[in-house]
Amino acid sequence: QVTLQESGGGLVQAGGSLRLSCAASGRRFSSYAIGWFRQAPGKEREFVASITWSGGVTAYADSVKGRFTVSRDNAKNTVYLQMNSLKPEDTAVYYCGSRPRGTSEYDYWGQGTQVTVSS
């Protein structure tokens, strides 16, 4: 089992930055990938970014490429999402999820952290 806890959300003006953290406990942290997803009111949850267990491979949604950066510190059991040049359309609840190595499904999720970008 994995427990994930997001933090770092808040209210920021357009053009500003935030850094989200996803702290993990339980299963060996380096054995799974972490993905960031977001869900805006009235919309489905969508993929934002992911990073493999080694940190060697990252992926981003087209809407955040060049603005968001995902990284991980396995020594701290933490994954980060650095969000720059934020836009009002980035407003959503952001979730992190874990994906066991060698699989394509996310099996555990955090409770989410709210990001609000004002125009």
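Leu11 touches Thr116 and Ser118, leaving aside residues up to four places away in sequence. The model examined here is predicted. Leu11 itself lies in strand S2, which covers residues 10-13. Leu11 and Val117 sit 106 residues apart in sequence, yet their C-alpha atoms are 5.9 Å apart in space. The relative accessible area of Leu11 is 66%. Leu11 is therefore exposed, since the cut-off for that class is over 50%.

An open sheet is built from four strands. Their order is S1-S3-S8-S7, and the pairing is antiparallel. Strand S1 (2-7) and strand S7 (68-73) form the edges, each pairing on one side only. From one strand to the next, the twist averages 15°. Strands of a sheet pair through backbone hydrogen bonds, either parallel or antiparallel.

The pairings can be followed across the sheet in order. S1 joins S3 through six bridges, in the antiparallel sense. Here Val2 stands opposite Gly26 in S3. S3 in turn pairs with S8, again antiparallel and over six bridges. Leu18 has Met83 in S8 as its bridge partner. Six bridges also join S7 to strand S8 (residues 78-83), and these two strands run antiparallel. Val70 stands opposite Leu81 in S8.

The structure holds one disulfide. Cys22 and Cys96 form this link, with their sulfur atoms 2.1 Å apart. The angle about the S-S bond is 75°, and the link of Cys22 and Cys96 is right-handed. Distant parts of the chain are joined in this way. Cys22 belongs to strand S3 (residues 18-26) and Cys96 to strand S9 (residues 92-100), and the two cysteines are 74 residues apart. Both Cys22 and Cys96 are buried. A disulfide is a covalent bond between the sulfur atoms of two cysteines.

The largest nonpolar core has 27 residues. Within this core, Ile34, Trp36, Val48, Phe68, Leu81, Met83 and Tyr94 touch the most other members. Several elements give two or more residues each: S1, S3, strand S4 (32-39), S5, S7, S8, S9 and strand S11 (113-118). S3 supplies the largest share, four residues.

Residues up to four places away in sequence are not counted here. Val48 touches the run Trp36, Phe37 and Arg38. Val48 also touches Ala59, Tyr60, Ala61 and Val64. Phe68, Leu81 and Tyr94 complete the list of its contacts.

Thr52 lies in the loop between strand S5 (46-51) and strand S6 (58-60). The side chain of Thr52 reaches the backbone nitrogen of Gly56 at 3.4 Å. Apart from neighbours within four places in sequence, Thr52 is in contact with Ala33, Val57 and Arg72.

Technical notes
Residues are numbered from 1 along each chain as its sequence is written. This is a predicted model: local features need pLDDT of at least 70, side-chain atom pairs count only at pLDDT 80 or more; totals for chains, interfaces and linings use all residues. Side-chain values use heavy atoms; hydrogens and water are left out. Two strands pair if DSSP finds at least two bridges between them. Axes are lines fitted to C-alpha atoms, for helices over the stretch in contact, and angles run from 0 to 180 degrees between N-to-C directions. A polar contact is a pair of N or O atoms within 3.5 Å; within protein, one must be able to donate a hydrogen and the other to accept it, and residues adjacent in sequence count only if both atoms are side-chain atoms. Contact means heavy atoms within 4.5 Å. A disulfide is a pair of cysteine sulfur atoms within 2.5 Å. Buried means under 20% relative accessible area, exposed over 50%, partly exposed in between (1.4 Å probe, protein chains only). A nonpolar core is a set of buried Ala, Val, Leu, Ile, Met, Phe, Trp, Tyr and Cys residues joined through side-chain atoms within 4.5 Å.
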